[in-house]
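Hi,

Here is the structure I promised to pass on to you. My notes on what turned up follow just below it.

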Amino acid sequence: MGRDASGKARGPVPVRQPDAVATGVTPVGVRLGAAARSGLVSLAAIGVAMLVGALVIAVSGDDPVLAYRALLSGAFGDRRGVAETLVASTPLILGGLAFAVASRAGLFNIGIEGQLFLGSLAAGLVAAYGLGGAPAAVHLPLAIGAGMAVGAVWGAIPGVLKARTGASEVITTIMLNYIAYRISAFAIGRDDLLPVNPDRVATDPALPGARLARILDGTRLHAGILLAIAAAVILWYLLFQTTTGYRIRAVGLSRGAAAYAGISWGRTITVAMVLSGALAGLAGTSEALGLQGRHYDQPPGYGFTAIAVGLVGRNHPLGVVLAGLLFGALNAGATEMQSTAGTSKELVQVLQGLVILAVAGVAAAERFRVGQWFAARFGGPRAGRAGSDRASAVGMEPDLEPRAGPPAL
Amino acid sequence: MDDFFTISLLVATLRTATPLIFAALGGLLSERSGVVNIGLEGLMLVGAFMAATGAHYAGDPFVGLAIGVGAATLAAVIHAVWCITLRGDQVVAGTAINLLGLSIPAFLTQRLFDTAGRTPTIDRLPTIGRGLNVLVPVAFLLVPIVWYLLFRTKPGLRVMAAGEDPRATESVGINVARYRYACVLASGALAGLGGAVLSIGDLSFYTSNMTQGRGFIALAAVIFGNWSPLGTLAATLLFGGAQAIQIQAQTTGLPISTDVLIALPYVLTLIAITGLFRNSLPPAGLGRHPTTG
């Protein structure tokens, strides 16, 4: 804590040169290069996944060109298609942002699904209460706040556990997902206590004053997409323009170096997980208050697609928005693909799995080769960095430890 | 509690623990060799689906079993190549395996059987009485076998060395990658067996997402069992028992909240991994590569 306070006092100094930590070299050219390369990795991964997907379609006896064309026209062909794409993108963008902020701190948040689900439950419950006829200006923020707060708490638990005991967040978040499912199931059964409807396996409908408005006539497009874009902008500002964001990124890149600079690892990862959980909670809230008008006790699975969105978006808010739109389009176009080209819409889920695999493979292969090439040419250090870079992305405890760093704090 | 109740609870526990034991032993081998395998759930689903599909086309559950185990092993090859050869992120690769294990069967059932995620009904594996299929004793026999292989044979000790300190292991001339490949493939085969138990042992068809998180419970059992075969067995029996009580509570109307019982394995694992009542120590080299540390 003391060290952290002194780190705060010296705040402005590290803020000015964040990329010195990231690359070991200075400014703009390198940063643009890295961003472009990052984007290329994602594009290559998407390309590979789409090609393998085409192969799957062809082998299963359909026409891949026809299928992909139908997918595209379903997603962007008309006003309704575009609206559906945006509707489907909303939770994926928010979930992807949640994944990204945890990843930036070196944590792998598989718990987005549970955080999202409980956020949806909390928002749905608050929205269903009458609150003595509270106006929308009070009721809606209250419901959104409840969803985000509960998501944040569910995200804080693995953060605190990791900070205090070193428990791997990969395991704790998976466990918390399943506990979240049971909490929702339990709550939905208690119509004696809560505004829920066990017969519909859902909460009571959200009151009109607590709903996110529809923003395009004749479609299901709701204000959630605006929340998602706003969240992306705020997260970008937070990550890249504030001391908190700098700390999160520094801790994720090198726990040892961050500790040496006086940044508290435990506190920083907890903050990152709280932010992550709040964003995931907002994703669930937007679904409950915008799309469905209530919380359904049926885990949506967006929490897992969000991992793909975060990975493809390279954990950058802009990348996450683009990746969220891509995956949203895939989901929105799937129905038309099935009806026009006869290709099962489950293919979209297969594509998502392939994209994750491709991102992992392409990134690893690229790092692997570049690292070895540098090692052969200039000797060790770059190759070493390639390794530690990978390790910090995994979020595995042993690799985050400095090899020969400062004394433990 | 009368005898009938006790015995039927015991039988139900053996039945529910069996798929968990197979998958958990797979997870144990993979993690002991140093490879994180959160893809157990997906591997189980592949095994369950291909076993039922194989049994449908071959008309013989044992052929189906072989096909299911083979398919899950092949799926594990992907995990192994990604994690060991490409040195990709092991958690990311496992996440992809889980998504593919869920979606590929859904895609294929639509294509092959024109259903939303269900295979036709097939003949089950034979039983050994009380509705327990032939794989139940196999699962329990495998526990001491895995223990013996890991702790009493040279290859087993090398596996554990690779999991504890891959760099040191490599430095004495042991091919870490080879032992890790063997373990990840074995984890695929075992998870496939666990999945097959569900689709062609307990039931007689595959239905979408029929594992319902058992792959993750198996992973939890490995952690709760502190990465030891006997501890893992105890954990699977405890978790299987909770599941059995929950089923009994539903049918006999016991005044226990089923939600609490279903959540029990997860809560216990959460407590175990945080070391609140006991230390739970993963292999030190988990997720690390010989060349990068």
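In this predicted model, 49 residues of chain A are in contact with 45 residues of chain B. Putting the two chains together buries about 4,100 Å², and carbon and sulfur atoms give 76% of that area. The interface is also crossed by two salt bridges.

Chain A on its own has 18 helices and two strands. Of its 409 residues, 54% are buried. Among contacts in chain A between residues at least 6 apart in sequence, 76% join residues at least 24 apart. Its accessible surface comes to about 16,700 Å², with 65% belonging to carbon and sulfur atoms.

Then there is the core. The largest nonpolar core holds 182 residues, and A:Ile174, A:Leu289 and B:Ile200 have the most contacts inside it. Leaving out residues up to four places away in sequence, B:Ile200 touches several residues, including B:Ala51, B:Ala52, B:Pro61, B:Leu65 and B:Ile122. B:Arg124 is also one of the residues that B:Ile200 touches.

Last, the surface of chain B. A nonpolar patch there is formed by B:Leu141, B:Ile145, B:Trp147, B:Tyr148 and B:Leu149, with about 500 Å² of accessible area together. B:Trp147 sits in helix H5 of chain B, which covers residues 135–152. Its relative accessible area is 31%, so B:Trp147 counts as partly exposed.

Conventions
Residues numbered from 1 in each chain as written. Chains lettered and ligands numbered in written order. Predicted model: local features only at pLDDT ≥ 70, side-chain atom pairs only at ≥ 80, totals over all residues. Heavy atoms only, no water. Patch = residues over 30% accessible without salt bridge, like charges linked within 9 Å, V, L, I, M, F, W, Y side chains within 5 Å. Areas by Shrake-Rupley, 256 points an atom, 1.4 Å probe, with all protein chains shown as cover. Salt bridge = Lys/Arg side-chain N within 4 Å of Asp/Glu carboxyl O. Helix = DSSP H or I, 4+ residues; strand = E, 2+ residues; numbered from the N terminus. Buried < 20%, exposed > 50% of the residue type's maximum accessible area, 1.4 Å probe, protein only. Core = buried A, V, L, I, M, F, W, Y, C linked by side-chain atoms within 4.5 Å. Contact = heavy atoms within 4.5 Å. Buried area = accessible area lost by both parts, 1.4 Å probe.
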